[in-house]
Amino acid sequence: MKIAETVTFGGSGLDRATDLRGDIAAVQADPAARVVLMWRGKPMIDGDALIRVALDHPILADARPGQVLLGRDDAGPVLAADLSDWAPPEGDPGQLDSFLDKTEQRHPTITDATFAELRGVMTRLSPRDAELAATAKAVLGWHQTHRFCARCGQESVMAMAGWQRDCPACGHHHFPRTDPVVIMLITHGNSVLVGRSPGWPEGMYSLLAGFVEPGETMEAAVRREVFEEVGVKVGPVSYLASQSWPFPASLMLGCAGTALTTDLIRDPNEIEDALWVSREDMARAFAGEHPDILPARKGAIAHFLLQAWLADRLD
């Protein structure tokens, strides 16, 4: 696709500054260095912009030890700090990490900005801020869930400016993981195949998706997932676009596939419902005029691919 890299989290050409990862102290000593702030996976934003603070800002007193070097832009190095141990004085803990978490948290040192759910603000951010926020969320989340060595069980330590964890007991090195996921624009004639998972907002439908298994190609994963979930056989498969999806650490591989069959045999353990939707009905859904169907969340690659399909821009 010629428009493939315009997808949200499609990248901004950020210099990842791998040459600086071996000396985090030197990076932190750079007066131009700035820090992106994260709280339980939420970036701190002010309006439509990601907040960046100097390394001597008082808010960093509430940060966990260790910072991740995200990269280097024209202004200098950009790091990320995790403030997840800070406890806000208000808010509903039950909303945290929910599909539609609309809560926002304000830190007393920066009262004009908020920590906001990345899904809710991702389309408002510039490509650069979106890439920084997605990278920070994914890497800091990995540190939170991979504290112990998978080889010997001892607690590992952050290394290489946050892009590695080293085990002091057995010497093993661990690196952030990214899980490949296929997401499929499956069509038959004038219709597209969509489904919904339990717990989604009422009426919301999206493209089918699933993880690529070990020993499997992308094309094989598309055919397997579609057949497992709805019993539809798929013929030719082609690649369209990809999207980093830090919820928590996936790479969405957008694919197009042509259905060979149309009967839907839904696996209730996989999805709640599945439909063939005509181009006309999907256009009504995107316009907010369909009585029963809501489109995939704006900013997600499913929304991007469906929009491109409606505009006939899949080349």
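Reply: Let's start with two helices: H5 passes H6 in a left-handed crossing. That label means the near helix is turned anticlockwise from the far one by less than a right angle; clockwise would be right-handed. Helices (H or I, at least four residues) and strands (E, at least two) are DSSP runs, numbered from the N terminus. Keep in mind that this is a predicted model: local features need pLDDT of at least 70, side-chain atom pairs count only at pLDDT 80 or more, and totals for chains, interfaces and linings use all residues. Residues are numbered from 1 along each chain as its sequence is written, and side-chain values use heavy atoms, leaving out hydrogens and water.

Me: At roughly what angle do the axes of H5 and H6 cross?

Reply: An axis is a line fitted to C-alpha atoms (for helices, over the stretch in contact), and angles run from 0 to 180 degrees between N-to-C directions. For H5 (residues 279–286) and H6 (residues 301–310) the angle is roughly 125 degrees, and the axes come within 10 Å. That makes the pair oblique: under 35 degrees is roughly parallel, over 145 roughly antiparallel, 65 to 115 roughly perpendicular, and the rest oblique. On the H5 side, Arg279, Met282, Ala283 and Phe286 make the contact, meeting His303, Leu306, Gln307, Trp309 and Leu310 of H6. Contact here means heavy atoms within 4.5 Å.

Me: How many residues of H6 are buried?

Reply: Buried means under 20% relative accessible area, exposed over 50%, and partly exposed in between (1.4 Å probe, protein chains only). In H6, eight of the ten residues are buried, so the helix is largely enclosed by the rest of the structure. They are Ile301, Ala302, His303, Phe304, Leu305, Leu306, Ala308 and Trp309, and they pack against E12, E13 (191–196), E15, E16, E17 (273–278) and H5.

Me: Which strands does E13 pair with, E12 and E17 included, and in what sense?

Reply: Two strands count as paired if DSSP finds at least two bridges between them. E12 and E13 have two bridges and run antiparallel; threonine 187 has valine 192 in E13 as its bridge partner. Their hairpin has two residues between the strands, and glycine 189 there takes a positive phi near 65 degrees. On to E17: six bridges tie it to E13, again antiparallel, with serine 191 opposite serine 278.

Me: And E16: is it parallel or antiparallel to E12?

Reply: Parallel, over nine bridges, with E12 spanning residues 179–188. Isoleucine 183 faces glycine 254 of E16 across that pairing. E15 (residues 234–245) also has nine bridges to E16, but runs antiparallel, and valine 234 partners alanine 259 there. E15 and E16 make a hairpin with four residues between them. E16 itself (residues 250–259) is mostly covered, with eight of its ten residues buried.

Me: In what order do the strands of the E9, E10 and E11 sheet run?

Reply: E9-E10-E11, an open antiparallel sheet of three strands. Its edges are E9 (157–159) and E11 (173–174), each pairing on one side only. Three bridges join E9 to E10 (residues 164–166), and alanine 159 stands opposite glutamine 164. H3 (residues 127–145) lies across E9, E10 and E11, at about 20 degrees to E10.
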